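Hi,

Here is the structure I promised to pass on. Have a look at it first, and my notes on the rings and strands follow below.

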Amino acid sequence: MQVDAVVLDIDGVLVDVADSYRRAIVESVERVYGDTIAKGAIQRFKNAGGFNNDWELTDAAALFVLTTRETDVDVAAFTDAIAEQGGGLDAAKAVVRDRLGADADGVFAAWDPERLREVFQTLYLGSELYRELEGGEPAFDAPGYINDEPKLVSEATLDTLQKRYAVGVVTGRPAAEADIAMERVGLSVPDEHRFTMDDWEQGKPHPHALRSLAERFDARRIAFAGDTLDDIQTAVNADDEDDDRVYYGIGVLTGGLTGEDGRRTYASAGASAVVESVEDLPGLLE
């Protein structure tokens, strides 16, 4: 690939979020509505596209649970319909309206994104960090799943990448939560070489953040490593829009997509390559 810049996602690439963000999604819906989705179903929402923001994925999962109380629908059909509508929370809302018609009003009346976010942040951050970052009292006492995020990358690998290439970060995390994860793995980049949820409105797969980093690095060939189809689509979109540069989407198999099925799914989305983990990235790019 002969790249001169490498951009990294955080969740599922640098840290394992199976027992943090993904656990918080499942348990937030359970606490608010008394029913929820299976953890494995989260990947179906991710694959539908447009759910780089886990708060919005939680909202969509809650809409699914509420919809099942009104009609017979399984998560596969629900997420397939979201994908057909273009992905994301707006598509999930449209699916609810399409399936329920006038009965959708009851679902939206019971749907409470503000409460879901409060519960999610309490579960994920824990009581102490919630007070610090959210500036208020948590919904209940919690230790914080943010403390249960194993590292997926070694400092040696990060050192190698930073010696060879310009390195940046594009993540759907809020800035404060991105800082915590980056500190955990030992990655330090200047603020201008990082895009978080707080830095651009559109989010992935919009290519603005990736293209902006390429311009700031004055890079001509850029690899973006991520663990979702939205990450791959971000690179594809950037490559389509930017005639002056080449962008490679690298699928990493340490998130929700794994094994041979994961490889095929990444390939069908336009991934330039797939690696078992970010530890394999220096070897791929060398």
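Rings of Phe, Tyr and Trp (its six-membered ring) pair if their centres lie within 6.5 Å; planes under 30 degrees apart are stacked, over 60 edge-to-face, and the rest tilted. By that rule there are eight aromatic pairs. One of them is Phe108 with Trp111, edge-to-face at 5.9 Å centre to centre and 75° between the planes. Trp111 is buried at 13% relative accessible area, while Phe108 is partly exposed at 21% (buried is under 20%, exposed over 50%, partly exposed in between; 1.4 Å probe, protein chains only). Ring pairs also join Phe45, Phe51, Phe64 and Phe78 into a cluster.

A word on the source: this is a predicted model, where local features need pLDDT of at least 70, side-chain atom pairs count only at pLDDT 80 or more, and totals for chains, interfaces and linings use all residues. Residues are numbered from 1 along each chain as its sequence is written, and side-chain values use heavy atoms, leaving out hydrogens and water.

Now the strands (DSSP runs of E, at least two residues, numbered from the N terminus, as are helices, which are H or I runs of at least four). Strand E5 (residues 246-252) has six of its seven residues buried, so it is largely enclosed by the rest of the structure. Ala223 has Tyr248 in E5 as its bridge partner, and Val252 stands opposite Val275 in E6.

Cheers

Technical notes: Pairing = 2+ DSSP bridges.
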